[in-house]
Amino acid sequence: MRVIQPNRYSRKKMNRHNRQLWLIFAIFLTCLALIGVYFYKASNNYLIPASKIKEPVVNTPVARELRIFSDEELKDLYNNFHYANTDKILQSPSITGDTTADAKIRLLAEARGYRLRRLARNLEATADGLPLQLLAEKSWNNLKAEAAKEGVVLTVTSAFRAVEDQRAVFLEGLAIQGVSAQSIASGQVDSLVDKVLQTYAPPGYSRHHTGFTIDLTCGTAGLTNFATTTCHEWLSRDNYLHAKTFGWVPSYPEGASLQGPEPEPWEYIWVTVDALLE
């Protein structure tokens with residue numbers, strides 16, 4: 001009788017197949033266990049005591065304070081401030097029409113600290129009916145309203161001034177001193193021209209060209225009388241705190257050197273609040 005031997009190859013194949021199934025099953029169970037551990041830890045906050053759990057860091061803005069300026073620092077601030085909506089005056093405007101006389105006036109003016117200013121492009125706002133840069137309008141209105149709350153009556157009497165207007169003002173100053181273009185060109189009236197420069201800026205050299213500068217009165221008191229008014233005291237108190245709160249600083253702080261004209265306590269210029277913060 002013939003004995004049929006078992007197929008050894010088939011048996012080995014089945015054994016290998018069974019081992020693969022058990023391996024897959026073991027991997028499956030391991031994955032389930034790992035997933036279970038993960039969710040268990042997550043639900044229990046990784047078993048870390050609450051006292052040791054760190055709160056998320058929240059970056060809160062630091063309050064910035066208005067900076068205290070010396071008079072010289074105020075002068076440097078507005079001399080180097082970039083005024084928006086203005087163009088640089090590339091060529092010195094004519095003053096008297098006499099080239100030699102004009103050169104002499106500019107030489108004397110710059111020796112006093114005058115410098116060419118920037119010129120407003122276009123103006124879409126006003127301060128008490130006078131042309132002003134739009135960026136400064138709200139700040140002026142807010143400053144005026146704050147002053148009124150404390151019984152301080154501020155009024156703008158001059159704001160933007162065109163080069164042509166400044167020329168007329170300066171020529172009037174020369175006429176008051178009785179000097180002509182010829183006498184200026186000769187160099188014989190330098191002291192009289194310097195006297196004019198104490199009060200009047202030559203065309204191109206006035207801060208009023210920017211549209212960010214204003215002249216103030218206090219009720220009916222203005223110009224040289226302004227320094228003795230409650231308005232001046234209110235504006236200049238505590239290193240010009242009230243003015244700086246709204247972005248304004250004095251154009252000619254009394255203690256700064258070589259500013260051009262003699263200090264003019266009635267004139268203020270807007271430089272933004274951000275430029276005045278620590």
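## How helix 4 and helix 8 meet

Helix 4 and helix 8 lie oblique to each other, because their axes cross at roughly 135 degrees and oblique covers whatever is left once angles under 35 degrees (roughly parallel), over 145 (roughly antiparallel) and 65 to 115 (roughly perpendicular) are taken out. The axes, lines fitted to C-alpha atoms over the stretch in contact, with angles from 0 to 180 degrees between N-to-C directions, come within 14 Å.

On helix 4, Leu143, Glu146 and Ala147 make the contact (heavy atoms within 4.5 Å), and helix 8 brings Trp234, Leu235, His242 and Ala243.

## The largest nonpolar core

A nonpolar core is a set of buried (under 20% relative accessible area, 1.4 Å probe, protein chains only) Ala, Val, Leu, Ile, Met, Phe, Trp, Tyr and Cys residues joined through side-chain atoms within 4.5 Å. The largest one has 35 residues, and Trp140, Leu235 and Trp248 are among those with the most contacts inside it. Helix 8 gives the most, five residues.

Looking beyond four places in sequence, Trp140 touches residues including Leu132, Leu154, Ile214, Leu216 and Trp248.

## About the model

This is a predicted model, where local features need pLDDT of at least 70 and side-chain atom pairs pLDDT 80 or more, while totals for chains, interfaces and linings use all residues. Residues are numbered from 1 along each chain as its sequence is written, and side-chain values use heavy atoms, leaving out hydrogens and water.

Note on methods: Helices (H or I, at least four residues) and strands (E, at least two) are DSSP runs, numbered from the N terminus. Buried means under 20% relative accessible area, exposed over 50%, partly exposed in between (1.4 Å probe, protein chains only).
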